[in-house]
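Work through these exercises with the structure open beside you. Try each task before you read its solution.

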Amino acid sequence: MTTRRWTALPVLLVAVFVTTLDFFVANLALPSIRADLRAGDASVQFVIAGYGLAYAAGLIASGRLGDLYGHRRVFRTGLALFTLASAECGLAGGAAWLVAGRIAQGVAAALLAPQVLTLLGELYRGADRATAFRWYGTVVGLAGVSGQVIGGALVAAEHLGLGWRGCFLVNVPIGVVALAMTGRVLPAPVPSPLRRAGLDVGGAGLVAAGLVAVVLPLVEGREQGWPPWAWWCLAASGPILVTFVRRQRRLVHARRTPLLDLDVFTDRTFAWGLVAVALLFGTSAGLSFVLALYLQDGLGLGPLAAGAVCTALNAGFFAASLRPGRFGAPVLLLGLCLLYEVVARAAQPYQVAMALVVVGAGMGLLMSPLLSSVLSAVRPERAGAAAGVLGTVQETGGVLGATITGTVFFGTLDGGDWRAAMLAGLSVLVAGALGVLAHAMMRPPARTPVAARACVQQDGGTC
């Protein structure tokens with residue numbers, strides 16, 4: 001492994017960190033944004049939802065763009081757009097400009113995410129690949145569990161008088177440095193034989209519309225009391241996605257190139273692993289959502305104190321992710337059960353933190369091995385499409401997890417009992433952890449990964 005390849009790893013991981021972090025970092029800044037920009041409820045909601053919707057809707061098409069035009073080229077485009085969009089968010093003079101910037105950030109994040117996964121697969125082989133994906137899993141998890149901590153610290157610091165704007169402007173110097181390094185450390189684009197086929201624009205529109213029809217009502221429906229449009233969107237999502245699948249099959253039968261190679265789902269390791277990924281990210285997002293509410297409104301902690309408790313989750317995750325292993329799912333389940341017991345006994349915040357260390361350790365043990373095993377079964381020519389599907393499942397799983405957990409949480413909170421609401425939310429999360437454990441126990445037998453066999457053929461030796 002050359003030094004240049006290892007130099008590429010920080011650039012790729014920085015892009016992963018800031019794009020994942022930005023889904024969570026604005027949560028604790030929302031009160032300041034509302035006051036400063038005089039934003040209404042809908043605008044404030046779309047500061048979060050606009051990013052997630054654009055991100056989820058663009059991932060599959062972005063994976064295909066990387067296959068067609070080169071993963072380094074699309075990565076650089078996404079990184080440049082993300083940096084510019086972050087500047088727009090930080091300098092926004094009104095709520096509409098901020099929402100537009102957040103949507104642009106989501107589009108850019110969608111361009112970046114599949115390229116990172118594919119480039120990791122191209123750059124690293126064998127034990128080096130395992131190490132690279134271990135760091136990838138660590139960075140994704142840390143960004144997810146530390147978003148509210150970092151957001152609260154940036155808002156509270158008031159550095160240079162930026163306030164909430166610092167949550168977005170901090171991305172600008174990071175993006176500029178990373179962008180300057182990409183040409184030196186990432187592999188040059190290789191002409192793709194698929195480029196002549198072009199992008200299935202109709203398919204891209206269908207899959208984006210279908211995902212928006214699923215995610216938008218789940219994000220906004222509860223806030224607005226589940227109006228009729230939310231149910232119409234959910235009802236329409238199925239036919240839209242079925243139409244997308246039929247279109248992809250027609251293109252294959254006509255010997256044309258589809259947006260998504262549906263054969264990627266024929267491998268049981270990949271398809272079965274997607275379920276576990278959705279459950280894991282749903283559990284993580286659901287916990288982050290209800291934990292922030294419970295600590296601040298239930299236990300009366302301030303933003304910084306609540307963030308300090310949440311650092312226990314970060315610490316457990318980071319420590320365990322350095323040596324990931326096969327016992328992640330049982331440890332995750334154990335940690336959530338301990339947290340349930342702590343909340344049931346109305347324990348002190350430090351006891352909540354102790355339980356969160358175990359929860360974080362379970363996630364850290366599980367994250368990178370799961371992501372690596374899911375992608376290892378995919379043929380190299382399908383890597384971009386598979387990465388787009390994986391990213392879509394991560395994002396959609398997170399939205400579903402936060403929405404379902406939040407719905408149960410707020411439904412129980414109608415009586416004003418914060419402890420009962422937290423226990424109800426934790427019950428949903430325990431169910432999700434049980435699903436991850438079932439995957440670990442029942443997944444198909446391990447076999448030589450397709451990607452590894454292709455590596456032997458291409459390199460003329462072992463990976």
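**Exercise 1. A glutamine and its surroundings**

Does Gln394 count as buried or exposed, and what is its relative accessibility? Note that the model is predicted.

Solution. 
- Step 1. Find Gln394 in helix H15.
- Step 2. Read its relative accessibility, which is 12%.
- Step 3. Compare that with the cut-off: buried means under 20%. So Gln394 counts as buried, at 12%.
- Step 4. List what Gln394 touches, leaving out residues up to four places away in sequence. The partners are Tyr136, Val277, Phe281 and Leu371.

**Exercise 2. The overall make-up**

State how many helices and strands the protein has, and what share of its residues is buried.

Solution. 
- Step 1. Count the secondary structure: 17 helices and zero strands.
- Step 2. Take the 463 residues of the protein; 53% of them count as buried.
- Step 3. Turn to contacts between residues at least 6 apart in sequence. Of these, 82% join residues at least 24 apart.

**Exercise 3. The cavities**

Rolling a probe the size of a water molecule over the atoms shows where empty space is left. Find how many cavities of 30 Å³ or more there are, and describe the largest cavity.

Solution. 
- Step 1. Count them: there are four cavities of 30 Å³ or more.
- Step 2. Give the volume of the largest cavity, about 340 Å³.
- Step 3. Look at its lining, made of 24 residues. Nearest the centre lie Thr20, Val140, Phe281, Gln394 and Glu395.
- Step 4. Ask which elements give two or more residues to this lining. They are helices H1 (3-24), H3 (41-69), H5 (95-123), H6 (126-157), H11 (268-298) and H15 (383-413).
- Step 5. Sort the lining residues by type: 15 are nonpolar, eight polar and one charged.
- Step 6. Link back to Exercise 1. Gln394 is among the residues nearest the centre of the largest cavity, and Gln394 also touches Phe281.

**Exercise 4. The nonpolar cores**

In soluble globular proteins, nonpolar side chains tend to be buried together. Name the residues that touch the most other members of the largest nonpolar core.

Solution. 
- Step 1. Start with the core itself, which has 105 residues.
- Step 2. Pick out those that touch the most other members: Phe75, Leu120, Tyr136, Leu287, Leu295 and Leu356.
- Step 3. Find the largest share of this core. Helix H14 (residues 349-376) supplies it, with 12 residues.
- Step 4. Follow the contacts of Phe75, leaving aside neighbours within four places in sequence. Phe75 is in contact with Val11, Leu12, Ala15, Leu112, Gln115, Val116, Leu119, Thr182 and Leu186.
- Step 5. Look for another core, apart from this one. That core has 20 residues, among them Leu37, Ala92, Leu98 and Trp164.

**Exercise 5. The salt bridges**

Side chains of opposite charge can pair when their charged atoms come close. Say how many salt bridges the structure holds, then examine three of them.

Solution. 
- Step 1. The count is four.
- Step 2. Take Arg102 and Asp22, whose closest N and O atoms are 3.7 Å apart. Arg102 sits in helix H5 and Asp22 in helix H1, so the pair ties together parts 80 residues apart in sequence. Both residues, Arg102 and Asp22, are buried.
- Step 3. Take Asp200 and Arg247, with closest N and O atoms 2.8 Å apart. Asp200 counts as buried at 6% relative accessibility, while Arg247 counts as partly exposed at 23%.
- Step 4. Take Glu341 and Arg345, with closest N and O atoms 2.6 Å apart. Glu341 is partly exposed at 37%, and Arg345 is exposed at 63%.

Methods. Residues numbered from 1 in each chain as written. Predicted model: local features only at pLDDT ≥ 70, side-chain atom pairs only at ≥ 80, totals over all residues. Heavy atoms only, no water. 1 Å grid on protein atoms, 1.4 Å probe; cavity = no way out; pocket = protein on both sides within 12 Å on 5 of 7 lines; lining within 4 Å. Points joined across faces, edges and corners; volume = space filled by probe spheres on them. Helix = DSSP H or I, 4+ residues; strand = E, 2+ residues; numbered from the N terminus. Nonpolar A, V, L, I, M, F, W, Y, C, P; charged D, E, K, R; others polar. Core = buried A, V, L, I, M, F, W, Y, C linked by side-chain atoms within 4.5 Å. Buried < 20%, exposed > 50% of the residue type's maximum accessible area, 1.4 Å probe, protein only. Contact = heavy atoms within 4.5 Å. Salt bridge = Lys/Arg side-chain N within 4 Å of Asp/Glu carboxyl O.
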